[in-house]
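Open the model in your viewer and keep the selection panel at hand. Each stop below tells you what to pick next and what is there.

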Amino acid sequence: MDRFVWTNGLLEPHEDLKAQQHGIKIYDGEDKTPFEYGTLILTSHRLIWRDHKRSDCVLALPLSQIVFLEETESGLGKSAKIVVHLNPASPNRPPGPVASSQNSYIRLSFKDAGETEFHRRFTEELARRSWEMTQADPAQQQQAAQAGPTGARRAGIVGIERKLEQKRKETDQTISVAFEDLSNLMEKAKDMVGLSKTIAQKIQDKQGAISEDETVQFKSYLLSLGIPNPVTRETHGSGTNYHMQLAKELSQVLQQPLQECGGMMSLADVYCRVNRARGMELLSPDDLLNACKLLEALNLPIRLREFDSGVVVVQLVSHSEEEVVRETTRLVEESGSLTAEELSRVASFSVMLAKEKLLTTEKKGLLCRDDTVEGLRFYPNLFMTKPVIEA
Amino acid sequence: MAEFQWPWQYNFPPFFTIQPNKDTQAKQLEAWCLLVLSYCRHRRQYSLDVTDAQDSPLFHNKKIDRKLPLDAVYTVLEELRKKGNIEWTDPKKRNRCLIMWRTPEEWGKIIYQWVTSNGMNNTVCTTYELVNGDDTTSQEFHGMESWLLTRALQTLQLERKAELMGSEGVKFF
């Protein structure tokens, strides 16, 4: 508490106001102080506290005195607090409200909430270290020079604390730089989707002129990309209506790809595909699942289906079980015998799906299994088709 | 002795995995039961040691490198027991079983048929000459173990077609 100085509450010319919060009580360490209800002002250089009732009672704490912050969450009958850890008081400071104090920290109690936002700003300001850049004051400079060699590499707990603080700041900075890039990407994503659509359109128009395989492939990539107006919570609200609209969108987007890959797709694949198509309005797995559960009720041409093993897929309604069984039997008969891996290679769908299809077909009695250390292999069910005793 | 004719299933790898599909499994077990009985019949085998049998060609096809697992062997044997074709000599441990590729009733009929066709009705003969005598070398029951013969004759006795005289002799009517 002895680091505070009296002030008139006016900002210095180079000082900027950063945040303000009323209803703040100051504790000196764990002890109560007479400064029970005031407005806390964060500037680029100082932390200022102004009493609500007595407007001439204004305290200031230079940000350079602060080592680091700690947040304490509110509890039953307790307000949220920020604990401000401080450097030792400098001997030749201007007069303050308390001559000396045992505590090396103060606590700011947020009676009227607002601690999260304030804490964020506070941390940002500390990381910015604006006070270092405008140390034009010769007295301060001198002070800094004196503190120089000892201040820079202070030993003991304070030194360690400082080091930790510095590391944390670096991490903070790295993270904010990283996310800056991401937000840039988000901004550009819309343009990218738009661009890909234009290209797709152009290619579509010139369809006759294109013959090379690559161009055709590129075109198909572009066409499978991008949903012009994705259904979002913003546009369609929350709850069932949102999921219903989403289900409709899913059935539109997925019909074509489902036909291409044999009528069935695992939910994980659907999730990836849909989110790639949506570009930036990403879907949560939960929303996708909820939307898929509504497919049947809405009588859409695709359905959610759960296998006995718990594998969940999305499939075309036209893609009946009989069809799966017939197709799988045909493939196994063609090769003599197949494992799930082999079937997935032959028919180009995932191993998981291949296994489900084989098991379904086995259940229908059209395949039988050979279970060895080398793996599970499926054969046409000769037990049922060939007589027990050959004539 | 002629080479045993293995059924087609013996060279079909899934034959050596118990099938989870019930319908398929029923067909599979049917084939196994037939194989076990015909194999024992071919070798004139009247009993089976489970451990030995598992390593014998019956349950182990070296050519396709498939072996029927032990629990599956028991599944097959239990199926045979239900049909009355085998009997455990040690029901608790189930290490050894008696094999009847024909039931005692069937054996009785075959023996009685042979007796009638040889005009031996109303005569007495020893059990030894019946199964080991020169007259029966061409018959299927030649060399039959005495426990099974006794059971076969007992079924005839119930039908009043024969009468056992002690454990060594029998009179046919």
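**Stop 1: salt bridges**

Select A:E117, A:R120, A:R121 and A:E124: salt bridges link these residues in a network. A salt bridge here is a side-chain nitrogen of Lys or Arg within 4 Å of a carboxyl oxygen of Asp or Glu. Over all chains, the whole structure has 24 salt bridges.

A word on ground rules. This is a predicted model, in which local features need pLDDT of at least 70 and side-chain atom pairs count only at pLDDT 80 or more, while totals for chains, interfaces and linings use all residues. Residues are numbered from 1 along each chain as its sequence is written, chains are lettered from A and ligands numbered from 1 in the order in which they are written, and side-chain values use heavy atoms, with hydrogens and water left out.

Next, pick A:R168 and A:D172. They form a salt bridge, with the closest N and O atoms 3.4 Å apart. Both sit in helix 4 (residues 156-205) of chain A, 4 residues apart, or about one helical turn. Helices (H or I, at least four residues) and strands (E, at least two) are DSSP runs, numbered from the N terminus. A:R168 is partly exposed at 36% relative accessibility, and A:D172 is partly exposed at 34%. The scale: buried is under 20% relative accessible area, exposed is over 50%, and partly exposed is in between (1.4 Å probe, protein chains only).

Move to A:R326 and A:E323. Their side chains meet in a salt bridge of 3.6 Å, N to O. A:R326 is exposed at 54%, whereas A:E323 is partly exposed at 35%.

Now switch to chain B. Which residue does B:E87 meet in a salt bridge? The partner is B:R151, at 2.7 Å, N to O. B:E87 lies in strand 4 (residues 86-88) of chain B and B:R151 in helix 6 (residues 146-158) of chain B, so the pair ties together parts 64 residues apart in sequence.

**Stop 2: a sheet in chain A**

Strands pair if DSSP finds at least two bridges between them. Strand 11 and strand 12 (residues 312-316) of chain A pair over 5 bridges.

**Stop 3: aromatic rings**

Over all chains there are 21 aromatic pairs. Select A:F383 and B:W8: their ring centres are 6.3 Å apart and their planes stand at 40°, so the pair is tilted. Rings of Phe, Tyr and Trp (its six-membered ring) pair with centres within 6.5 Å; planes under 30 degrees apart are stacked, over 60 edge-to-face, and the rest tilted. This pair crosses between chains. A:F383 is buried at 2%, and B:W8 is buried at 11%.
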